[in-house]
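Hi everyone, thanks for coming. Today I'd like to walk you through one protein, picking out a few side chains as we go. Have a look at the picture first.

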Amino acid sequence: MSEHLANIMEEHGEYCLRVAYLYVKDWAIAEEIVQDVFFAYYRQQESFEQRSSLKTYLVKITVHKSHDYLRSWKNKRHILFKKLHIGVSKRSPETNLLEKDERRIVTAALFELPIIYREVIILYYYQELKVREIAEVLGCTENTVKTRLRRARQILQGKLDKSHWEVLEDDIF
């Protein structure tokens, strides 16, 4: 591995890990996805045309690999095993903390959103990307991103009481 790649992993690895986790809801799987992201970048780094920032490019790969995982048999098998408690090992402190955080009302509501709405909320509010950057990451128009953000906010408003909703109520993108 080159020093250049190590620097890129150091600079963007945690960010990509958080993005992947917000899709797959499992740290170990998110770590695997991020490893795949950097391996893919390593193999194809000469094809990076620098039309966007490297961070945006890596997030785009992370989103695509997260989508691929969510559609995969491996994911369906993992969910089934979790439900049946097959192969579940002792929980780490990180997992316990994560489960506690997931019980929070806003997070639960976010995870109930369909993926097309969840991803725009995650990228806009949690990852603080601009509408233009989200459109680039998802490969859609800026108007599509704005529509998905509006619909996601409407769904969340129906799920959350006023005290939880206030943060997003007057937001204009």
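Let's begin with a term: a nonpolar patch is made of residues with over 30% relative accessible area and no salt bridge, whose nonpolar side chains are joined within 5 Å. Keep in mind, too, that what you see is a predicted model.

Now find Ile 105, Val 106 and Tyr 126: together they form a nonpolar patch on the surface, with about 260 Å² of accessible area. Val 106 sits in helix α6, which covers residues 105–112. Its relative accessible area is 34%, so Val 106 counts as partly exposed.

Next, the aromatic rings. How many aromatic pairs does a search of the whole structure find? The answer is two. In one of them, the ring centres of Tyr 21 and Trp 27 are 4.5 Å apart and the planes are at 15 degrees, so we call this pair stacked. Tyr 21 is buried, at 6%, whereas Trp 27 is partly exposed, at 28%.

Tyr 41 and Tyr 57 also pair up, but edge-to-face, with 6.2 Å from centre to centre and 70 degrees between the planes. Tyr 41 belongs to helix α2 and Tyr 57 to helix α3, so this pair ties together parts that are 16 residues apart in sequence. Both of these tyrosines are buried.

Another ring to look at is Tyr 15: Lys 55 lies over its face, 4.1 Å from the ring centre.

Finally, the cysteines. Searching the whole structure turns up zero disulfides. Cys 16 is buried, at 0% relative accessibility, while Cys 140 is partly exposed, at 22%.

How values were computed:
Residues numbered from 1 in each chain as written. Predicted model: local features only at pLDDT ≥ 70, side-chain atom pairs only at ≥ 80, totals over all residues. Heavy atoms only, no water. Disulfide = S-S within 2.5 Å. Buried < 20%, exposed > 50% of the residue type's maximum accessible area, 1.4 Å probe, protein only. Patch = residues over 30% accessible without salt bridge, like charges linked within 9 Å, V, L, I, M, F, W, Y side chains within 5 Å. Areas by Shrake-Rupley, 256 points an atom, 1.4 Å probe, with all protein chains shown as cover. Salt bridge = Lys/Arg side-chain N within 4 Å of Asp/Glu carboxyl O. Helix = DSSP H or I, 4+ residues; strand = E, 2+ residues; numbered from the N terminus. Phe/Tyr/Trp six-rings, centres within 6.5 Å; stacked < 30°, edge-to-face > 60°. Lys NZ or Arg CZ within 6 Å of the ring centre and 35° of its normal.
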